[in-house]
Amino acid sequence: MREQVFWGWGEPGAGPSLPEHAGRFLHEELGLPGTVVEAPVALADVRLRPPALPAGLRARLAAAVGGEHVLDDAGTRVLRCRGKSYLDLLAQRAGDCEAASDAVVRPAGHEQVAAVLAVCAEAGVAVVPFGGGTSVVGGLEAPRDGFAGVVSLDLGRMDAVESVDVRSLTAVLGPGLRLPEAERALGRHGLRLAHVPQSFEWATVGGCVATRSAGQSSTGHGRIDENVVAVRCATPAGELATLGAPASAAGPALRELVVGSEGAIGVITRAALRIRPLAPAERREGWFARSFSDGVDALRRLEQEGMAPDIARLSDETETRVSLALAGPGGAMRRAGLAATRALGYGDGCLLVLGWEGEERAIGARRRPAAALLRRAGLLYAGRGPGEAWAHARFAGPHLRDDLLDRGALAETLETATSWTGLEALRDAVAGALRGTLGGAVVGCHVSHLYPTGASLYFTVLAARDRSDPVGQWESAKRAASDAIAAAGATITHHHAVGRDHGPWLAKEHGALGVELLRALKERCDPAGIMNPGVLAERF
Ligand SMILES: Cc1cc2nc3c(=O)[nH]c(=O)nc-3n(C[C@H](O)[C@H](O)[C@H](O)COP(=O)(O)OP(=O)(O)OC[C@H]3O[C@@H](n4cnc5c(N)ncnc54)[C@H](O)[C@@H]3O)c2cc1C
């Protein structure tokens, strides 16, 4: 079984590290020493309460899934204690794992999941579905009060490719299948899912469906929710399964009650997803816009005029500057940056990365009008280098975050989406809120995931960590940013999901009746309230 380190990203020693010159950047920009100032605790030093399930429950769980699949050793529990947000990592690095579940249960199929839910509902034990453990919104840390215990339901054994319909271009996949394994298995049929979030290496099919995730090529291939054909969900009240018909007028789509339900009503035990042929060719490239405004408008026109590429990602001035500063000396990003600096008017501009996938000729046919539009809009072509450099480093961020945390930095991201009309004002409001609460922070932003009516904004925040109150420091910044998002009428989350962290803002988005409807759904499917308590709305 592949497992990540409990305090950070990836397997021990995997992944890239910050380049040498990053220390100088951290010193100049954030006033940090630039050297390692702290390290995560060892597993032996983690604080963990002894497992405490009600008498007889362990035996009943073992009867449901097999004794060897009910685990309560420290390593297994600590790794499933929480997700991978900045605050999660701070707690894990400090060895604060008192919130860990009492046992990790690993079912092998729908019936076993249903049996575990029945046992836990009867005993009043909370159940937290666990896919890849990459939640960044507090989706995996259940409160203990009011429950006789907490069980983490690890779906890793349910990782089958159940069937592939090459003619209809659909595949039925187990929830615990990790995305790289899904791509490998589908690749053998000449097919692919083409769902590539930055958490690709670890995220699972079930976790992505449960959180409505968006991959880096979602502009071209759609978010996961746009690709879900059918779902099967085990709830404490029974099975909820939907048809795989391509479209239906049979009332509101019940599939949508399960997609994005974050384990609050049940466990997704199977998902039928749209798949597509493997892409024989890929082209990635960079452009520079003189300003964020110019770049946003060019993206809007590409999308609305039917010329959008599969990947489109426009960094604002700060994100562009930081990316160029942290790129290795002589790297393609840096060379492209210097070239652009020389080109009058683009020096402090914004880097746009575009990507196309498919047949070589089809890429050419799609790209030509898009490139012409960008030139007319005043953007400067920077060659393939920046696009290739982005592709090369596309999974590096979470590894580098561990290094940043070692060096005393606050490093976190947040995201939202709004209309084209409101996009720039929203960027200014959220960045302003973050800078206002975190004096001296570096706040970069990029636009990605384009839609005819608007796009997503993704913020990356770097600051010197307040060592006396790091949790309070980030909580107040995140609250200010979330308030700014809600005040602008934007969504509290475009793809990270609600979890427990975004619950306080859900009523602003859905209204009181909307939240009541979610509550009613939860109460009907999960009368004992054991399913991932606290996610989706503060406390049902
Ligand atoms: C470094 C990093 C980069 C990321 N990049 C992206 C990105 O590019 N795009 C994006 O959309 N998200 C991104 N995320 C967020 C996260 O990876 C996604 O939300 C992902 O969908 C979670 O998948 P997972 O398998 O890890 O789920 P988990 O983290 O294990 O679970 C997420 C939530 O879903 C529930 N759940 C999991 N499986 C099931 C199931 N079978 N049935 C019911 N409920 C279930 C869990 O209880 C939890 O509430 C990123 C996270 C990190 C740490």
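**Close-up views of a predicted model**

Arg 212 sits in the loop that runs between helix 7 and helix 8 (218–221), where helices (H or I, at least four residues) and strands (E, at least two) are DSSP runs numbered from the N terminus. The model is a predicted one, in which local features need pLDDT of at least 70 and side-chain atom pairs count only at pLDDT 80 or more, while totals for chains, interfaces and linings use all residues. Residues are numbered from 1 along each chain as its sequence is written, and side-chain values use heavy atoms, with hydrogens and water left out.

**View 1. Two residues with a positive phi, Arg 212 and Ala 194.** Although Arg 212 is not a glycine, its phi is positive, at about 55 degrees. Its relative accessibility is 27%, so Arg 212 counts as partly exposed (buried means under 20% relative accessible area, exposed over 50%, and partly exposed in between, with a 1.4 Å probe and protein chains only). Ala 194, also not a glycine, has a positive phi of about 60 degrees and belongs to the loop between strand 7 (191–192) and helix 7. With a relative accessibility of 7%, Ala 194 counts as buried. Most residues other than glycine have a negative phi.

**View 2. The shell of residues around the ligand.** The ligand is surrounded by 35 residues, of which Pro 129, Gly 131, Thr 134, Ser 199 and Thr 204 are the closest; a residue is near a molecule if one of its heavy atoms lies within 4 Å of it. Strand 3 (125–130), helix 7 (205–211) and strand 10 (267–274) each supply at least two residues of this shell, and the largest share, 5 residues, comes from helix 7. By residue type the shell divides into 15 nonpolar, 18 polar and 2 charged residues, where Ala, Val, Leu, Ile, Met, Phe, Trp, Tyr, Cys and Pro count as nonpolar, Asp, Glu, Lys and Arg as charged, and the others, Gly among them, as polar.

**View 3. Helix 17 and its buried face.** Helix 17 (residues 423–437) has 15 residues and reaches 21 Å from its first C-alpha to its last, close to the 21 Å expected at 1.5 Å a residue, the expected span being 1.5 Å times one less than the number of residues. Its buried residues are Leu 423, Leu 426, Arg 427, Val 430, Ala 431, Ala 433 and Leu 434. Seen down the axis of helix 17, these residues fall within an arc of 155 degrees, so they line one face of the helix; the arc is that of the directions from the helix axis to the C-beta atoms. The exposed residues Ala 425 and Gly 436 are carried on the face of helix 17 turned away from its buried side.
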